[in-house]
Structures are given as structure tokens and as C-alpha cells.
Amino acid sequence: MPPPFLKGPGMSADAMHEVLSFELRGRYMVCTFRADWSARVNPGQFMLVFLPGDNERMLGRPFCVSDASNGTVTFVAAVVGVGTRILASTVKAGDSLRVLG
């Protein structure tokens with residue numbers, strides 16, 4: 001059961017989501033994943049994305065929703081730090097990402 005502060009419009013609680021596409025475009029990564037809560041979020045809202053394989057110790061990275069429609073959510077982020085470099089080098093279509101948002 002999610003804590004009370006995670007309940008509300010647009011909130012997905014804490015779940016694994018299938019990555020539909022993951023692309024590197026120069027120094028940016030573009031990730032689209034399946035989310036049944038896409039109709040309840042808007043571009044500009046934030047979510048936490050956790051690094052694959054280290055979900056117990058690492059904090060989630062905050063990313064801004066750039067698009068949410070038709071059962072999918074997309075975020076775009078610059079690859080600049082350790083966390084985004086790990087995401088950029090390990091995530092691919094078909095993987096699952098833990099998302100809190």
C-alpha cells in the first residue's frame with residue numbers, strides 16, 4: 001500500500017513499467033514507457049526513475065514528463081551525471097524501469 005502522500009490525481013505509486021523505446025540523440029536520452037496512468041499526468045510534472053538493478057540502495061532520479069498520451073509516458077533528459085550515464089548505457093526497449101510518480 002503506498003503511503004498517503006502518494007495518493008492523488010496523476011500518481012502511479014511505485015511500479016515497474018515496460019520501456020517501449022529508448023534513444024540517444026546527441027547528449028540527450030529519450031525514453032518512452034507504457035503507463036496506464038498516462039491520462040492523469042501532464043507534461044511538466046515530475047516522476048522518479050530508478051536505476052536498473054540497484055533499486056534498493058540508490059535514490060530515484062527526477063525527470064520531467066515531456067509527453068503523456070495513449071497509455072505511454074515520455075521523458076527527455078541530458079546525459080550529464082553518473083545516474084543518467086548509467087541509464088543511457090543500460091536501458092533498452094523491452095526492459096522494465098521502476099517509476100514513482
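**Figure 1. Accessible surface and overall fold of the predicted model.** The accessible surface of the protein amounts to about 5,700 Å², and carbon and sulfur atoms account for 58% of this area. The structure is a predicted model. Of its 101 residues, 42% count as buried. The protein contains one helix and six strands, which follow one another along the sequence in the pattern β-β-β-β-β-α-β. Among contacts between residues at least 6 apart in sequence, 63% join residues at least 24 apart.

Figure 2. When residues up to four places away in sequence are left aside, the contacts of Met47 include the aromatic residues Phe33, Trp37, Phe63 and Phe75. Met47 also touches Arg61, Pro62, Val65 and Val73, as well as Val99, Leu100 and Gly101.

**Figure 3. The aromatic pairs.** The model holds two aromatic pairs. In one of them, Phe33 and Trp37 are tilted, with 6.2 Å from centre to centre and 55° between the planes. Phe33 is buried because its relative accessible area is 0%, and Trp37 is likewise buried, at 2%. Phe63 and Phe75 form a stacked pair, with a centre-to-centre distance of 4.6 Å and 15° between the planes. This pair links distant parts of the chain: Phe63 belongs to strand β4 (residues 61-69) and Phe75 to strand β5 (residues 72-78), twelve residues apart. Phe63 counts as buried because its relative accessibility is 6%. Phe75 is also buried, with a relative accessible area of 0%. The pair is classed as stacked because its planes are under 30 degrees apart.

**Figure 4. Arg98, Phe50 and Asp14.** Arg98 lies over the face of Phe50, at 3.9 Å from the ring centre. The side chain of Arg98 also meets that of Asp14 in a salt bridge, with an N to O distance of 2.7 Å. Asp14 is partly exposed, with a relative accessible area of 39%.

Figure 5. One of the salt bridges joins the side chains of Arg34 and Glu18, at 3.2 Å from N to O. Arg34 lies in strand β2 (residues 28-34) and Glu18 in strand β1, so this pair ties together parts that are 16 residues apart in sequence. Both partners are partly exposed: Arg34 has a relative accessibility of 44%, and Glu18 has a relative accessible area of 35%. In another salt bridge, the side chains of Arg25 and Glu23 meet at 3.3 Å, N to O. Arg25 counts as partly exposed, at 49% relative accessibility. Glu23 is partly exposed as well, with a relative accessible area of 35%.

Note on methods: Residues are numbered from 1 along each chain as its sequence is written. This is a predicted model: local features need pLDDT of at least 70, side-chain atom pairs count only at pLDDT 80 or more; totals for chains, interfaces and linings use all residues. Side-chain values use heavy atoms; hydrogens and water are left out. Rings of Phe, Tyr and Trp (its six-membered ring) pair if their centres lie within 6.5 Å; planes under 30 degrees apart count as stacked, over 60 as edge-to-face and the rest as tilted. Buried means under 20% relative accessible area, exposed over 50%, partly exposed in between (1.4 Å probe, protein chains only). Helices (H or I, at least four residues) and strands (E, at least two) are DSSP runs, numbered from the N terminus. A charge sits over a ring if NZ of Lys or CZ of Arg is within 6 Å of the ring centre and within 35 degrees of the ring normal. A salt bridge is a side-chain nitrogen of Lys or Arg within 4 Å of a carboxyl oxygen of Asp or Glu. Contact means heavy atoms within 4.5 Å. Accessible areas come from the Shrake-Rupley method with a 1.4 Å probe; for residues, only the protein chains shown count as cover.
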